[in-house]
Amino acid sequence: MPQVSRKGNILPASAIRKLVPFADAAKARGIKIHHLNIGQPDIETPKGAIDVLRKAPMDIVAYTNSAGNLSYRKKLCEYYAKHNIHITPDEIIVTNGGSEALQFAFTICCNPGDEVLIPEPYYTNYNSFAILSDAVIKTIPSSIKSGFALPPIEEFEKALTSRTKAIMICNPNNPTGYLYTKEELKSLAEIAKKHDLFLFADEVYREFCYDGRKHFSVMELEDISQNVILLDSVSKRYSACGARVGTIISKNKDIMSAAMRMAQARLCPPYFGQIFAEAAVDTPKEYFDSVAAEYDKRRKTLVEAVNAIEGCYCPMPTGAFYTMIEMPIDDSDKFCKWLLEEFNYNGETVMLAPATGFYSDPEKGRKQARITYCLKIEDLKAAVKCLEEALKVYPGRTK
Ligand SMILES: Cc1ncc(COP(=O)(O)O)c(C=O)c1O
C-alpha cells in the first residue's frame, strides 16, 4: 500500500479540535457542551457587510486577482491607516484566512532546519506551518505567574544560533491573552535588526485590548521595515471566521514577490469573502466599542469565577479572548477527555483545550488548559459551574 509522507505522518492534530469526536459522542448522548475550547465568537457579524454580500454579483463566481481585489486592498490601506499602519496596496496580499498568511510566511522565509523563536505557550497551529516548511520552532518560556509577559530579552539572545531565522510574536496573544507593550516589541525589534532576523507578527486579535490599553503594531516600529511581516485576518475582528479572509503584509519587496508567486500557485482568495471583507472595513466604531465592552464583562466574569474555584488560577488577560488556567489535576489531556466522556452536571459539561499542545514540551502544560470567553455571560457562568463540580469528583485530582 502506498505510504503517507513523513510530513503527513508527523503533522499534529490541533490541540483545540482533537477532542471533537468525544464532544460529538457526548452530544449524541444528549449532553449539552459549553465550548470554552474554541475561539468561535457568538457575537453577530456586522449587518452592513452581510447586506452588501447579499447583493454581490452572482452571475459568475469568478477567480479574483491572486493578490486579492485591488479595491479591497485599497480599502485595507484606509483601515490600517486608522491604526497608524501606513502601507500601499502592493504591500498587501489577501489570503485564505490568517492561516494561509502564516503558511506563506513560514514557507517563504524558512529553509529546512531554520529556527523560529516563539515565546511559549503559543498558538498550536504554528507547529503545523513549521513542519510544512521544515522549520524548527524553538520556544522561550513565559510564565503564568507574570501573566505570560514577554520573557527576559536575554533568553531570546541565549537561544540564538546560526540557524535562527525569525522571531514570531502573537499580539495580543492566543493562548495567553497577553497584550505586549511597545517596549517589549521594541526589544524584540532590536534583536531582529541586530541579528538579521525576520519578525513575524500575528495580530489577528488587534481589536481586542482591555483596560484602556492600546495595541502597538510591529508595523509601527522604526528602522525595521525590511524584517517585519504582518499576518492578519478578518475572522475575529468582525466575528467572521467563515469568511476565510486574511492578509500577509510587508514592506520587503523580496518577501512580497515570493508571496505573490505562492499566491499565484493557489490562484486566489475567496470571491465572496473579499466582497464581505471590503464592506466590513466600513463597520462603524460603535460596533467595536460595544464588542470590546461585552468582552470586557465576559473576561472579568470568567476570571473571577475561575479564581474562586479552589486550587485553580488564571491571570487576568489584557487582550484577545483567551486565558490559560492552572488546575489541580494530574493530566490536562486526560481531564479534558474525561469531562466529555464521563462527566456531566445536570446534563451539561464543559470542553477545554488541553494546554499540552501549546507547549513544546507537553509536560509544561499538564496542569493547564486554554479557555476562551467568547461566549455569553450566562453560558460562561454555567461552564465554570461545570468545571467546579467536575474538579470535586475528578479521580485524578491532585490536591
Ligand atoms: C493566533 C491566531 N492566528 C491565526 C489564526 C487563524 O485565523 P483564520 O485562519 O481564521 O484567519 C487564529 C485563529 O484562531 C489565531 O488564533
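1. Helices (H or I, at least four residues) and strands (E, at least two) are DSSP runs, numbered from the N terminus. Keep that in mind for names such as α8 and β5: P172 sits in the loop between β5 (164–170) and α8 (182–194).

2. A word on where the values come from. This is a predicted model, in which local features need pLDDT of at least 70 and side-chain atom pairs count only at pLDDT 80 or more, while totals for chains, interfaces and linings use all residues. Residues are numbered from 1 along each chain as its sequence is written, and side-chain values use heavy atoms, with hydrogens and water left out.

3. Now to the backbone around P172. The peptide bond between N171 and P172 is cis, with omega about -10 degrees. Another cis bond runs from E120 to P121, where omega is near 5 degrees. You will find P121 in the loop between β3 (115–120) and α6 (126–132).

4. Follow the chain past α6 and look at D134, in the loop between α6 and β4 (136–141).

5. Next, the pockets. On a 1 Å grid over the protein atoms alone, a pocket is an open set of points where a 1.4 Å probe fits, with protein on both sides within 12 Å along at least five of seven lines; lining residues have an atom within 4 Å of a point. Grid points are joined across faces, edges and corners, and a volume is the space filled by probe spheres set on the points.

6. The largest pocket has a volume of about 750 Å³. It is lined by 24 residues, and those closest to its centre are H83, R206, E207, F288 and D289. Helices α4 (70–82) and α11 (285–307) each supply at least two lining residues, and α11 gives the most, with five.

7. Where does the largest pocket lie? Domain 1 (6–44 + 286–393) and domain 2 (47–280) both give residues to its lining, so it lies between them. The domain bounds come from an automatic or database domain assignment.

8. What is the lining of the largest pocket made of, by class? There are eight nonpolar, six polar and 10 charged residues. Here Ala, Val, Leu, Ile, Met, Phe, Trp, Tyr, Cys and Pro count as nonpolar, Asp, Glu, Lys and Arg as charged, and the others, Gly among them, as polar.

9. The second largest pocket has a volume of about 490 Å³. Its lining has 25 residues, and S99, Y123, N125, K236 and R244 are the closest to the centre. Helix α5 (residues 97–109) contributes the most, with four residues. By class, this lining has 10 nonpolar, 10 polar and five charged residues, and it draws at least three residues from each of domain 1 and domain 2.

10. Finally, a look at helix packing. Helix α2 (residues 20–28) and helix α12 (residues 332–341) pack at an angle of about 20 degrees, with their axes 8 Å apart. That makes α2 roughly parallel to α12 (angles under 35 degrees count as roughly parallel). Axes are lines fitted to C-alpha atoms, for helices over the stretch in contact, and angles run from 0 to 180 degrees between N-to-C directions.

Technical notes:
Angles under 35 degrees count as roughly parallel, over 145 as roughly antiparallel, 65 to 115 as roughly perpendicular and the rest as oblique.
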